[in-house]
2 protein chains.
Amino acid sequence: MNQRSLGAEKLKAMHGFWRACNYLAAGMIYLRDNPLLSGPLKPEHIKQRLLGHWGSSPGLSFIYTHLNRLIVEQDVNAIFLAGPGHGAPGVLAPVYLEGRYSEVYPNKSEDEEGMRLFFKDFSFPGGIGSHCTPETPGSIHEGGELGYSISHAFGAAFDNPDLLVAVVVGDGEAETAPLATSWHSNKFLNPVRDGAVLPVLHLNGYKINNPSVLSRIPAEELTSLMQGYGWKPCFVEGDDPELMHQQMAAALDECMAEIRSIWSAAREEGVTERPLWPMIVLRSPKGWTGPAEVDGHQVEGSWRAHQVPLKGVRENEEKLHQLEAWLRSYGPEELFDAEGCLRPEFKTLTPKGERRMSANQHANGGRLRRMLRLPDFRRYALEFEKPGTVEAENTRPLGRFLRDIMSRNMHNFRVFSPDENSSNKLDDIYQASKKCWMAGRLPIDSDGGELSADGRVMEMLSEHTLEGWLEGYLLTGRHGFFSTYESFVHVIDSMFNQHAKWLAMSRDVDWRASVSSLNMLITSTVWRQDHNGFTHQDPGFLDLVVNKSPKVTRIYLPPDVNTLLVTANHCLNSHDYINVIVADKQNHLQYLDMDAAIKHCTKGLGIWSWASNDQGYEPDVVMACAGDVPTREALAATYLLRQHFPDLKVRFINVVDLYKLVPDSEHPHGLTDRDYDSLFTVDKPIIFNFHGYPWLIHRLAYRRTNHKNLHVRGYKEHGSINTPLELAIANEIDRFSLAIDVINRIPRLAVAGAHVKEQLRDQQLTCRQYAYEHGVDLPEATNWTWPL
Amino acid sequence: MNQRSLGAEKLKAMHGFWRACNYLAAGMIYLRDNPLLSGPLKPEHIKQRLLGHWGSSPGLSFIYTHLNRLIVEQDVNAIFLAGPGHGAPGVLAPVYLEGRYSEVYPNKSEDEEGMRLFFKDFSFPGGIGSHCTPETPGSIHEGGELGYSISHAFGAAFDNPDLLVAVVVGDGEAETAPLATSWHSNKFLNPVRDGAVLPVLHLNGYKINNPSVLSRIPAEELTSLMQGYGWKPCFVEGDDPELMHQQMAAALDECMAEIRSIWSAAREEGVTERPLWPMIVLRSPKGWTGPAEVDGHQVEGSWRAHQVPLKGVRENEEKLHQLEAWLRSYGPEELFDAEGCLRPEFKTLTPKGERRMSANQHANGGRLRRMLRLPDFRRYALEFEKPGTVEAENTRPLGRFLRDIMSRNMHNFRVFSPDENSSNKLDDIYQASKKCWMAGRLPIDSDGGELSADGRVMEMLSEHTLEGWLEGYLLTGRHGFFSTYESFVHVIDSMFNQHAKWLAMSRDVDWRASVSSLNMLITSTVWRQDHNGFTHQDPGFLDLVVNKSPKVTRIYLPPDVNTLLVTANHCLNSHDYINVIVADKQNHLQYLDMDAAIKHCTKGLGIWSWASNDQGYEPDVVMACAGDVPTREALAATYLLRQHFPDLKVRFINVVDLYKLVPDSEHPHGLTDRDYDSLFTVDKPIIFNFHGYPWLIHRLAYRRTNHKNLHVRGYKEHGSINTPLELAIANEIDRFSLAIDVINRIPRLAVAGAHVKEQLRDQQLTCRQYAYEHGVDLPEATNWTWPL
């Protein structure tokens, strides 16, 4: 295929740099001493635990080396994402050789002692992680869990018009579901305003113990596949380093030229069609340049090269010799001077300063982050006379707020949703920016299609791709907002886990600047799945969130328009968190005017005095709630109780900030025991009506004084095709069940309550029967408003 | 493209059947009475809540109708999977028209009253679900959450050599990650022994509010994409019903002929290459035959047809007329006789008996299920002298057990893992059956590649695809075993949720026979992530599992070889559950001989008397544990305590069956309070060393008498590159932390304990320092065995 003539000198320099990378990668896995092999290799130089992934490392540094040449020759602004981040040695090595590692971690200096520590600390307790962790200069993608490299890369390229995001996709990773659909991201990248993503599909042929699928399909199928995904593939294949260097250099030059021509066609000539972006298929041996054979088995070019290709080297002299021969094959004395510094002739192709991919500010995006310009959220407030008497769609004013945020931040804010912004009633956003769409257009689109190549609202039916885009966008210093159906946020549970881990680790990396929080609106919630039923009823994402570090997780359940606005404003102003906001899109009762909402959200939870009648008394019972539907039902239950038992003192507490429930020792938002006890009492029954699975509240509050009196209602997997009230009844979060619950907990109501309970059960039955007969809820039940 | 001549009569019959389907689909969404439109349509005939998805329904029944012709003409054994299961009306309608619905639900008879009920009950409380739920005859795929249709289809086709699995893929679904990679399933289907999957990619052009990506890429890209995935696409495109009928009939005939020729080439001529299987791209308007325009907006052929195309028909007379005109456009009086039964001329192409896709036994797989032939698991027992003195890899004997299960059940058992059976030390399985592999082969594969077209071990680096295959395999009456890395089981959280919901609903469907349990081994666990670190540390899947119905969820944490064997045997014998087994693959101490293991697992938890010294006394403290590493540390802590305080009475409890901790009212495995209290005492401190996140134990046990004294240790997101013991120390599940914990809880040790605690802290520090210095754990700590 492509040929190019790298001059002999350049070729020698590049090959030397790459050999040095491979030497370091192997050194990291094996050596704790004698880093330059100044003397014979001895068992005591070898680490006791040999850990790491050699297999993809040489390929990674091969690509890195070639990108360096491109950057230097053409002054390219580029960052590097390693999909196979397990092969961190292949990334850490060039990062060290270009001097960045030593700048950031001065004890890993560019000399023998620095190299020794660099080797020793790799995959070592308290040392350097074995993936491209947040500690890795230049990394925004750890590559621990596979599948998100391309979507992260696109997130980085959006709104960075001169940025080249080079992303290596492992052929193992390429089999994962998220990666397979993320190739389609090219339908959402606009060359006028966005940079470019250059994927390098690295076919090294094998996974842990198996061939990879894409390396074992015919070349024409692979070409078709990439073309079908809308890419123009360019192949670099072989194992002879010299030929491969020439091919790779030619391929990169060609791709860069195509990218520049796409950019200029779009920017200067006004071409609006989706271009065919170039990508590279690099087919090279797994464990390239490593041991060809070990114990009679082929290792280079086989799955046996995946982790540590030579084992037992401390214990086995022959293996030790084999390792030494392998390491010496790179010629360390030729590559490094006596002090252990890479010789200048191999350093010539290293970019300087922030052109180094390891020092590019885009990969430490917090450094580039500008504060979001937020309009005053109070402006979107819903006004009404009395709490609990008016209904409104909770998410709609938020859509207006997002619209105006968008128009004030047209270059560093995007909104993400899997085809659901309209369904989630956030569609006012389209007044400021349409849905980004670079695929084909039809005349009918002009009728409400809301599509535009300029759009900054990102919609694709892949939660994985959206979440990946958003993460990449945030990690490169921008802001975003993601809304998704509650039950299907589980699709990205694992991505949430990984991002939370990334953020938590980043907190301890002093050179990483803060990035904007990942803000998720979980909507179309369990209680209003009218069109769908059981499959769409799952509020369990929160159970996952609470397992992650309290340094990064926040959960809010605003029950109405104004509390949602306050919450969203707070979250959009924050950094380094994952903020999970749960709020349904349907009509709901409105409780708090804007002033009250601000006060309530600032405290995170509180007594609603207008709904309580315990002023000046110890309450008989605490009625607590979190979430929109549960709040309405708790309120209706409170009213039923007060109607039947005017002397009963009910304290009504609404919780917006879920972490208030845990002790302050467990989460920075946690209430002190003293504050908690003064709200929830130390001995009165608490009925807690919760949006999610009820057990979560126990998990949060089990240490509290009054936990034995805490009775939680929530979703218990009782669902099907239901009306809203009927679903509430099936899970016992409805007003009647709650009121009965209270009566049961208060001994002095035992006698008087018996009759009331019967009445309540009758009313509940009437509601159910009405739903079963008419297919809708009893109007007087659903039209209920707070009458006091 | 393809032309065919459907005779006029057949065409008329098919078109009539399809019109009847469309009539029913619309009727289901709108009508609660007047099902045959015997008189004018009135507001009171209309449901109050209009729910359902019209958009993809006509396309679904179009495909169904055509498959029926194929089945009848060629006596094909076929089942039908609707990826867009939201369009259930398009499936329920033909199921009703071919008589199956009435057989199963006699009140939905084939007459006017039956039709009325069929309409009224659709998407109605207590009625017919709005997706292809388990209540739908012929369904093994609900299509509630999108993405799994193709992988389910392949699971159904495996080992069913004469089965045609027709699967409709929505173009919305096609954007999801799981669907995008599942096309590659064709590299794992062997035409010698497996049936065929015929995907119909249904491009109706739109999702909820957006065009779909695949409907808006050029035809040549779409063709390339499908060819790149290894399929041979056949296009059926248009909107004129007559032309479309001809095209579709020709396409199906062609595809079926190709499938038969692939089958016979493989089976009779010995062709071993992977064939190019045919698939169909059906491009037809969304909401086909529905209202062309509503309120001045195009509806048919637009996203506006997604759910209910005409709204407000009860309230608006003009809309009511429009609805009536639409319904009458199908000519109900021509289609149905006066009694409401489909006229015989339209029923001619309906298959009979079990050839109906709605009555095919494969779609009620429990009916075909044969018991798994299990060898005696005792045969694989590990023998040893004394508890806690020998180490072994816990999963290896399980691999032997699975191997022998495989060889006894070569046609109805498969083992699934994402490239990890070897890594998980289950590789003895390959002695019985290799990894299934239909992609390219190289000579090097003969060196331990373990690949074979005949293999029944399924490995692909996509947890989604594997889980989907397994679900499809189980739902068609077979057996399987899935092993996966603990932290990445979160990749399929949502699939777990959906399968759990499917199983829970199926329990209430009396005609559905029991299917085998989904057995998952969660391994390569949090405590032993030597090569990887923080990204691979997440034991939170269990927190998700416990939210699902207690009818279907089971969790086991066997701590050693023999308990794992007992557990696996139990799970493989069970049905209708999801069994989650957590067991690490590394070397672990062995505790129970086989007899003891059987007794222990049968009880699910119990006192290990050999590790306890409270015989005949009330214990001073209960040391409880669940999981392999936590058990070892708890045991070591117990020994430390007994060494320092010989008079201290420690009761040692190990928990295998996690649900034993919840009250019997909450889960069928739950202990009664009485039994729980007698084990865990009512007032003594309990230190519980847990494998997962510690809060889960509180969530399970918060109702227990002695909950206030329950102190749980577990993983708390403190991790990086760690040695095993150092990681345990970081999360305080190590022996020293546990022993200190106990001392702190026992007032009478306050004085004597102070000195001991200091000693323990010193020992802990020594361990940490050793790890930091040597990169491995202190040998005397890790080689620790139970000395008593």
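**Interface between the chains**

Contact means heavy atoms within 4.5 Å. In this predicted model, 129 residues of chain A are in contact with 130 residues of chain B. The two chains bury about 10200 Å² between them, 54% of it on carbon and sulfur atoms; buried area is the accessible area (1.4 Å probe) that two parts lose on being put together, summed over both. A:Arg216, A:His531 and A:Trp695 supply 7% of the area that chain A buries against chain B, more than any other three residues.

**Domains of chain A**

Chain A is divided into domain 1 (8-363), domain 2 (388-588) and domain 3 (604-782), with bounds from an automatic or database domain assignment. Between domain 1 and domain 3 of chain A, the C-alpha centres lie 56 Å apart.

**Packing of α1 and α10**

In chain A, helix α1 (residues 8-30) packs with helix α10 (residues 317-328) at an angle of about 150°, their axes 9 Å apart. The two helices are therefore roughly antiparallel (angles over 145 degrees). A:Tyr23, A:Ala26, A:Gly27 and A:Tyr30 of α1(A) meet A:Leu323, A:Trp326 and A:Leu327 of α10(A).

**Basis of the model**

Local features need pLDDT of at least 70, side-chain atom pairs count only at pLDDT 80 or more, and totals for chains, interfaces and linings use all residues. Residues are numbered from 1 along each chain as its sequence is written, chains are lettered from A in the order in which they are written, and side-chain values use heavy atoms, without hydrogens and water.

How values were computed. Axes fitted to C-alpha atoms, helices over the stretch in contact; angles between N-to-C directions. Helix = DSSP H or I, 4+ residues; strand = E, 2+ residues; numbered from the N terminus. Parallel < 35°, antiparallel > 145°, perpendicular 65-115°, else oblique.
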